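Q: I would like to learn how to read metal sites, helix faces and surface patches in a model. Where do we start?

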Amino acid sequence: EAKTARTGGYAFFEPAMHDGLVERVRLEEDLRAALDADGFEVHYQPLFALDSQRVTGVEALLRWNHPTRGLVSPVEFIPAAESTGLIRPLGLWVLESACRQGRAWQGIAPDQDGLKISVNLSARQLDQPDLVDRIAAILEQTGLPPCRLVLEMTEGVLMENTDSTLQILNQIRNLGIRLAIDDFGTGYSSLSYLHQFPVDILKIDRSFVQDLAAGRDTALVRSIVQLAQSLGLETVAEGIEREQELDLLRLLGCTTGQGYYFSRPVPAATLSQILLRQRLERVLVPS
Ligand code: C2E
Ligand code: MG
Ligand code: MG
Ligand code: MG
């Protein structure tokens, strides 16, 4: 779309296509260079229990700290990282950073069950032959207990490549790690396949949460939560921006949520402050 805008709509002319290719190659080179030069950061968005409104976990979200463009959103570079295969080393870097940070946070987590650390996994990483070994090694090196780690993947990942995917997911889960389906409801949305996969958590996509306040999608969200409950799965609502959405989700039986209403994704140091503040509240006002 950006390309079309720049060239006044003539996206199919040779020069525009050429521009696109040059840009792509440069993006790939820049990403590679950034991985070598510590050019990435992990930000963290807290997840809250909807009843107590205490932090129960955090999601690790990748940011590219670009020398001239500032912090670049993952939606702008994850596709290129996936198509080049760079997502594999990059994904492991995120995992290691998040596990190390998560281990450091264990002492100050407000929830006594311990802070859960969620990390996104892309389809290309599941093709990586030594993925499970690398995950196990990272857990061992960082000392994060496997039960504190959640790996998130989209429905598409589950639908592709079913046999070997299933095997890998089972291996990951046998390590004690929990699995979440991200952006649930946006993908193939055939609910019947769900029980075939070893998942623990459904993350209800932001688009459904946004529609709740407008009086739409209530029945849909209710049925997702009911389905999850009948399968023994936890539900996490994504993209809660308003109190009204929080109230409705709580009413519908959703247990956990994240969104700008609570907090945007923030650098690790800022999240440490959020955790410390909550810990203090817990000492002052025990539940
Ligand atoms: P996601 O995993 O579904 O992450 C949630 C996204 O929703 C994040 O965008 C977050 O900032 C945004 N968000 C959270 N609360 C709200 C809200 O209340 N309102 C709105 N409008 N947005 C909210 P972000 O950080 O830009 O990440 C976008 C996507 O990039 C992620 O979606 C995930 O699919 C991908 N991604 C991020 N980090 C990684 C990574 O380390 N590895 C892989 N493979 N993908 C990643
Ligand atoms: Mg996610
Ligand atoms: Mg999501
Ligand atoms: Mg998403």
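A: Start with the rule for metal donors: they are N, O and S atoms within 2.8 Å of the metal (3.2 Å for Na, K and Ca), and water is not among the atoms, so sites may look incomplete. This is a predicted model, in which local features need pLDDT of at least 70 and side-chain atom pairs count only at pLDDT 80 or more, while totals for chains, interfaces and linings use all residues. Residues are numbered from 1 along each chain as its sequence is written, chains are lettered from A and ligands numbered from 1 in the order in which they are written, and side-chain values use heavy atoms, with hydrogens and water left out.

Q: Which residue coordinates both the magnesium ion (ligand 3) and the magnesium ion (ligand 2)?

A: D182 does, and the two ions are 4.1 Å apart. D182 lies in strand β6 (residues 178–184) and E238 in the loop between β8 (234–237) and α11 (243–252), so the pair ties together parts that are 56 residues apart in sequence. Helices (H or I, at least four residues) and strands (E, at least two) are DSSP runs, numbered from the N terminus.

Q: Is D182 buried or exposed?

A: Buried means under 20% relative accessible area, exposed over 50%, and partly exposed in between (1.4 Å probe, protein chains only). D182 is buried, at 7%, and E238 is buried at 11%. E152 is buried at 1%, whereas N120 is partly exposed at 29%.

Q: Which residues are buried in α10?

A: They are V221, I224, V225, L227 and A228. These residues cover an arc of only 160° around the axis, which puts them on the same side of α10; the arc is that of the directions from the helix axis to the C-beta atoms. On the face turned away from the buried side are the exposed residues A219 and S230.

Q: Which residues make the nonpolar surface patch?

A: L280, V283, L284 and V285 make a patch of about 430 Å². Areas come from the Shrake-Rupley method with a 1.4 Å probe, and for residues only the protein chains shown count as cover. V283 sits in helix α12 (residues 268–284) and is exposed at 58%.

Technical notes:
Patch = residues over 30% accessible without salt bridge, like charges linked within 9 Å, V, L, I, M, F, W, Y side chains within 5 Å. Salt bridge = Lys/Arg side-chain N within 4 Å of Asp/Glu carboxyl O.
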